[in-house]
Amino acid sequence: MLDVNLIRKDPDMVRDLLSRKGFEVDFSEYLEKDRARRDLIFRTEQLKAEKNKVSALVPVLRKGGRDVSDTLARMRQVADDIRDGEAQMAALDAWIRDFLDALPNLPDPSLPAGGKENNRVVRVFGTAPVFDFPPLHHVDLAESLGVVDYPRGARLGGSGHWVYRRDGARLEWALLNYFIEAHLADGYEFMLPPHLLTWACGYTAGQFPKFRDDVYQLRSDDTPDGFTHFILPTAETALVNLHRDEILDEEVLPLRYCAYTPCYRKEAGSYRSEERGMIRGHQFNKIEMFQYVRPEDADAALEELVGKAERLVQGLGLHHRVSRLAAGDCSAAMRRTYDIEVWIPSMNDFKEVSSASDAGDYQARRGNIRFRRKETGKPEFVHTLNASGLATSRIFPAILECNQDASGRVRIPEVLRKWMGGQEFLARPS
RNA sequence: GGAGAGAUGGUCGAGUUGGUUUAAGGCACCGGACUUGAAAUCCGGCGUAGAUGCGAAUCUACCGUGAGUUCGAAUCUCACUCUCUCCGCCA
């Protein structure tokens, strides 16, 4: 949700910023309706004030033995007028709400306009591994080592699903432990939220109503619109709703959270043949980091989140890069985003393992999440930031492919071994 | 799934035969007085959002949510959500 006062004050500036995201909008009808709405509020409230005044007078007149039937008749008319006004208001409000709900967040003014092609790489770590033998694709490695079962995953869940098995399951679990431990050391609270969320959660996150069809929904004949819950596409959707409709004390900020959940995504139409294996599945594991901060602390928080995600990848010894996304490549709710991408040899390309974003007050406005500033005593919207820390579904293939040797063995990164019985290599099935 | 009870500002809590209750009062918190300082005491302040206005201020809405009855609803009616207790089922 954008600040309506900003749109009233400088609609051209807002329009120009949105167009950098590739979102074209004309505010003239909105501004007209906004004006009409305020006029209507003024008229209706005056009627209500009269109603309240006269209603309080009725018992006094009665006590004085006066006939009030004329007064009641007149008030019946006023009550009708109020009802009319409120009906008009409801129609205007609905139009305005739909309009505002559809507006994405403003991009940070410092971002270049346009899409992916204008992303800028800001840091690169390591170099691509060089092999003195023909390296295998992670799907082939995983199958020969028996660590991922793709055919049976598809049997269970359809395409885009797999089963982690044996040391694959342990490696996956070790990665999650490695991430969580790092966050705990940095003072983040670890939590396990529900995976089935209500409509309001999707709205606050900025995913609904526009992107409601991108998530898996649970439907029922018992509800008016058939919708009951959706399955979270990322733990961010849960974490951003934790403090919905709250006014936080300034002293508790920044709130630093991390959560583990699987992420469930339809990924309709996004499959590409080179994304064979676990690069893009309908379910993947992720530790999400999330912060609620004061507006002035958002810059530092974003750098902290990116830094944390980078260190995790570095700890695994994987070649990766950090990019600052152009306005159009940031998702709708975000004002700026860094992507951290890890090198996948078989794709000869980098794939995203973490996205660190600053939502500004966009989500906080939708979820009515505020804090009371000590200095002024007034509530203000918090700023919310999130970053994966990390998603495993690209890390796992990267480890397999980058750590393979000529004999088809895969070396386990040092930092993970304590969760894998001290093993140096993934065991072959006997 | 069934039965019962409940939901009131940051918190506790009164108000539920509809109309001086303008949502009382306590606690917490903030400011001031007193005090060497603190405590205690006293005084004052103290929810959120919106509209009009340069401002002072005035008005409106909000008592779980949404409808309804009425000149007038925290209070009456209906639906829903959540919490608690008990029963049933269950990993």
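A salt bridge is a side-chain nitrogen of Lys or Arg within 4 Å of a carboxyl oxygen of Asp or Glu. By this criterion, a search of the whole structure finds 34 salt bridges. The structure in question is a predicted model, and several of these bridges will be examined below, after a view of the chain as a whole.

Chain A contains 430 residues, of which 47% are buried. Its secondary structure comprises twelve helices and 16 strands. The C-alpha trace of chain A extends over about 105 × 45 × 40 Å along its principal axes.

When its neighbours within four places in sequence are left aside, Thr44 is in contact with Ile82, Gly85 and Glu86.

Two other helices illustrate packing. Helix 5 (residues 138–145) and helix 12 (residues 395–402) pack with their axes 9 Å apart, at an angle of about 80 degrees. Helix 5 is therefore roughly perpendicular to helix 12. On the side of helix 5, the residues that meet helix 12 are His138, Leu141 and Ala142; their counterparts in helix 12 are Pro397, Leu400 and Glu401.

The salt bridges may now be considered individually. Side chains of opposite charge can pair when their charged atoms come close. Glu29 counts as partly exposed at 40% relative accessibility, and Lys33 counts as partly exposed at 22%.

Glu296 and Arg373 form a salt bridge in which the closest N and O atoms are 3.0 Å apart. This pair links distant parts of the chain, 77 residues apart: Glu296 is in the loop between strand 10 (283–293) and helix 10 (298–315), and Arg373 is in the loop between strand 14 and strand 15. Glu296 is partly exposed, at 42% relative accessibility, whereas Arg373 is buried, with a relative accessible area of 13%. These two residues also take part in a network of salt bridges, in which Glu250, Arg294, Glu296, Asp297, Arg373 and Glu380 are linked.

A further bridge is formed by the side chains of Arg336 and Asp299, at 2.6 Å from N to O. It too links distant parts of the chain, with Arg336 in strand 12 and Asp299 in helix 10, 37 residues apart. Arg336 counts as buried at 9% relative accessibility, while Asp299, with a relative accessible area of 48%, is partly exposed.

A cis peptide bond, with omega about 0 degrees, joins Phe208 and Pro209. Pro209 is in the loop between helix 8 (199–205) and strand 6 (217–219). The peptide bond from Gly389 to Leu390 is likewise cis, with omega near 0 degrees, and Leu390 lies in strand 16 (residues 383–391).

Two asparagine residues have positive phi values. Asn348, a residue other than glycine, has phi near 55 degrees and is found in the loop between strand 12 (336–344) and strand 13 (349–358). Asn368 has a positive phi of about 55 degrees although it is not a glycine; it lies in the loop between helix 11 (362–367) and strand 14 (370–372). Asn348 is exposed, with a relative accessible area of 57%, whereas Asn368 counts as partly exposed at 26%.

The strands complete this account. Pro379 is found in strand 15 (residues 379–381) and is partly exposed, with a relative accessible area of 35%. Beyond its neighbours within four places in sequence, Pro379 is in contact with Arg370, Phe371 and Arg372. Phe190 lies in strand 4 (residues 189–191) and counts as partly exposed at 32% relative accessibility. Together, Leu184, Phe190 and Leu192 make a nonpolar surface patch of about 290 Å².

Note on methods. Residues numbered from 1 in each chain as written. Chains lettered and ligands numbered in written order. Predicted model: local features only at pLDDT ≥ 70, side-chain atom pairs only at ≥ 80, totals over all residues. Heavy atoms only, no water. Patch = residues over 30% accessible without salt bridge, like charges linked within 9 Å, V, L, I, M, F, W, Y side chains within 5 Å. Areas by Shrake-Rupley, 256 points an atom, 1.4 Å probe, with all protein chains shown as cover. Helix = DSSP H or I, 4+ residues; strand = E, 2+ residues; numbered from the N terminus. Buried < 20%, exposed > 50% of the residue type's maximum accessible area, 1.4 Å probe, protein only. Axes fitted to C-alpha atoms, helices over the stretch in contact; angles between N-to-C directions. Parallel < 35°, antiparallel > 145°, perpendicular 65-115°, else oblique. Contact = heavy atoms within 4.5 Å.
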